[in-house]
Amino acid sequence: MKKMIVIGLMFVGITAFGQKIDASKVPSSVQSAFNKNFPDIKDAKWEKEKGNYEANFKQNGQKMSALFDANGTWLETETDIAITALPKAATDYIEKNCKGEKIKEAAKLKMANGDNNYEAEVKGMDLIFDANGKFIKKVKD
């Protein structure tokens, strides 16, 4: 019985994250939008996440991802950054509100509305901050 519970929990955990998909299963509108925004990238790895499509790739040596809706509308681009590149206000917020927790990863987000935000992964959650490091929201990773 314990094995069945563990297997069930593993399945739930796997399906909670984005599902890797073959590029041939990505709608042409999404592929076209990606190619327009990132014409030099030829080896993106795709995931389907909450009805959206995420391309993971490297550009100029930086790990990046771009998120598109099913119609090919660009939603955001995420670029990995060093944890030390987060705004001080963001790291101060994390130290105060997530006592004893470490920042696992950090990224800079370029949003479709023109905003530039930051993301810090802490304890399985993505904490989103504005360009000045002011806390915006918490998103389950």
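These legends describe close-up views of a predicted model.

View 1. Strand β3 (residues 52-59) runs antiparallel to β4, and 7 bridges join the two. N56 has S65 of β4 as its bridge partner. The β3 and β4 hairpin has 2 residues between its strands, and N60 in the turn has a positive phi of about 55°. On to β5, strand β4 is joined by 5 bridges, again in an antiparallel arrangement. F68 is paired with W74 of β5. In this hairpin 5 residues lie between the strands, and G72 has a positive phi near 95°. Of the 7 residues of β4 (residues 62-68), 5 are buried.

**View 2. The largest nonpolar core.** This core has 14 residues, and those with the most contacts inside it are F34, F38, A44, W46, F57 and F68. At least two of its residues come from each of α2 (28-37), β3 and β4. Leaving out residues up to four places away in sequence, F57 touches F34, F38, I41, A44, Q62, K63, M64, S65 and A66. A second, separate core has 11 residues, among them A106, A120, V122 and F129.

**View 3. The surroundings of E78.** E78 is part of strand β5 (residues 74-81). The residue is buried but has no salt bridge; K63, the nearest side chain of opposite charge, is 8.4 Å away. Neighbours within four places in sequence aside, E78 contacts K63, M64, S65, A107, K108, L109 and E119.

**View 4. The salt bridge of K63 and D80.** The closest N and O atoms of K63 and D80 are 3.9 Å apart. Because K63 lies in strand β4 and D80 in strand β5, the pair ties together parts that are 17 residues apart in sequence. Both residues are partly exposed, K63 with a relative accessible area of 49% and D80 at 30%. The whole structure contains 3 salt bridges.

**View 5. The salt bridge of D92 and K88.** The side chains of D92 and K88 form a salt bridge with an N to O distance of 3.0 Å. The two residues are 4 apart in helix α3 (residues 88-97), so about one helical turn separates them. D92 is partly exposed, at 32% relative accessible area, whereas K88 is exposed, at 59%.

**View 6. The salt bridge of E121 and K104.** In this pair the closest N and O atoms are 3.9 Å apart. E121 belongs to strand β7 (residues 116-122) and K104 to strand β6 (residues 103-111), and the pair links distant parts of the chain, 17 residues apart. E121 is buried, with a relative accessible area of 10%, while K104 is exposed, with 60%.

Definitions and conventions. Residues numbered from 1 in each chain as written. Predicted model: local features only at pLDDT ≥ 70, side-chain atom pairs only at ≥ 80, totals over all residues. Heavy atoms only, no water. Buried < 20%, exposed > 50% of the residue type's maximum accessible area, 1.4 Å probe, protein only. Lys, Arg positive; Asp, Glu negative; His and termini not counted. Salt bridge = Lys/Arg side-chain N within 4 Å of Asp/Glu carboxyl O. Contact = heavy atoms within 4.5 Å. Pairing = 2+ DSSP bridges. Core = buried A, V, L, I, M, F, W, Y, C linked by side-chain atoms within 4.5 Å.
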